[in-house]
Amino acid sequence: MRKKDKNIPVNILPEGTSKGIMMMRESFHGSPDSEVERAHRDGGYTFIIQEKGNTTIEIDFQTYCIKAPAIVYINPHQVHRVISFDRAMLSTWIVTEENISAAYLSLLQDFTPADILSVKPETLDILSDAVALCMKLSGNKTEILYHSILKESCNTLIALIISQYLALEKPTVYHTRFEDITRVFKTTLEKNYKRVKNPRDYAGLLNLSTSYLNECVKVTTGKPVSIHIQQRIILEAKRLLFHSGKSVKEIADELGYDDFSYFTRLFSKAVGMSPTAFTAKNRE
């Protein structure tokens, strides 16, 4: 097995970026550079507009071909790597949490994991124009309110991306109450999955009954609370098993399982193979 760092690499924003905002618009062809070719997380929320050509990318064990015109959003927790470019032109921006509107952050939780989303040519034109304006603003660092202007323009771009994903949603009778509760549950799960494992405890954190929380989540997503908890834990276990150099016992401890045997049984039942067998898939 190839030697790995103990932790999954995080690509932090390079020096010279404006207080947690990085923007780029470039053309690529062939193999990517080593920094994005290795499996990694980004140090912020990543948004990509595929303006021309194709990009092949792996996100959490799934390989996707992004064909222009298309958009994709990648959450900071997601492990990904670029495999190849085919005459690709990309607009990409990475924004740290403190620079994103709280309302937009809440909505972005609903799109994790996000699908690759094809867009209409006229939508691409609007997005491209918005990116061009942001790029122009990002180059004018002499403005007195430079960072505020850049931050607000990036939030406009994020709003345009979110609106495309929202357009895919089907309205439900319970939209306001049920979906709001489900959104809060997902945010709470993301913050607490390593230490809180029981649906009853999540209901307590949200001041709801367990049955009502489960009803809200199941109506909105089609899956009960317990499955969401299990899937989040198993996803993180897969990421660590495949992409880090930690032992199975270290991963079990990190995910809040003192009983190593129980974690092994849980993983094996959910994935259909033991953690050791899953790790073996990473051998060269």
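I started with the second largest pocket and sorted its lining by class: 16 nonpolar, 9 polar and 4 charged residues. I count Ala, Val, Leu, Ile, Met, Phe, Trp, Tyr, Cys and Pro as nonpolar, Asp, Glu, Lys and Arg as charged, and the others, Gly among them, as polar. The model is predicted, so to speak of local features I need pLDDT of at least 70, and side-chain atom pairs count only at pLDDT 80 or more, while totals for chains, interfaces and linings use all residues. Residues are numbered from 1 along each chain as its sequence is written, and side-chain values use heavy atoms, with hydrogens and water left out.

A pocket here is an open set of points on a 1 Å grid over the protein atoms alone, where a 1.4 Å probe fits, with protein on both sides within 12 Å along at least five of seven lines; lining residues have an atom within 4 Å of a point. Volume is the space filled by probe spheres set on the points, which are joined across faces, edges and corners.

The second largest pocket holds about 580 Å³ of space. Its lining has 29 residues, and M22, M24, V36, T92 and I94 lie nearest the centre. Which elements supply at least two lining residues each? I found β2 (21–30), α1 (34–37), β4 (45–59) and β7 (80–95). Helices (H or I, at least four residues) and strands (E, at least two) are DSSP runs, numbered from the N terminus. β7 gives the most, 6 residues.

Next I checked the pairing of β7. Strands pair if DSSP finds at least two bridges between them. β2 and β7 run antiparallel, joined by 9 bridges. M24 stands opposite T92. β4 also pairs with β7 in the antiparallel sense, over 13 bridges. There, I59 has H80 as its bridge partner.

Then I turned to the largest pocket, with about 1,400 Å³ of space. It is lined by 40 residues; D110, T112, P113, K186 and K223 lie nearest its centre. By class I read 14 nonpolar, 13 polar and 13 charged. α8 supplies the largest share, 8 residues.

Last, I looked at helices α2 (residues 102–109) and α4 (residues 146–166). Their axes, lines fitted to C-alpha atoms over the stretch in contact, come within 11 Å and cross at roughly 35°; angles run from 0 to 180 degrees between N-to-C directions. Y104, L107 and L108 in α2 meet N155, I158, A159, I162 and L166 in α4, contact meaning heavy atoms within 4.5 Å.
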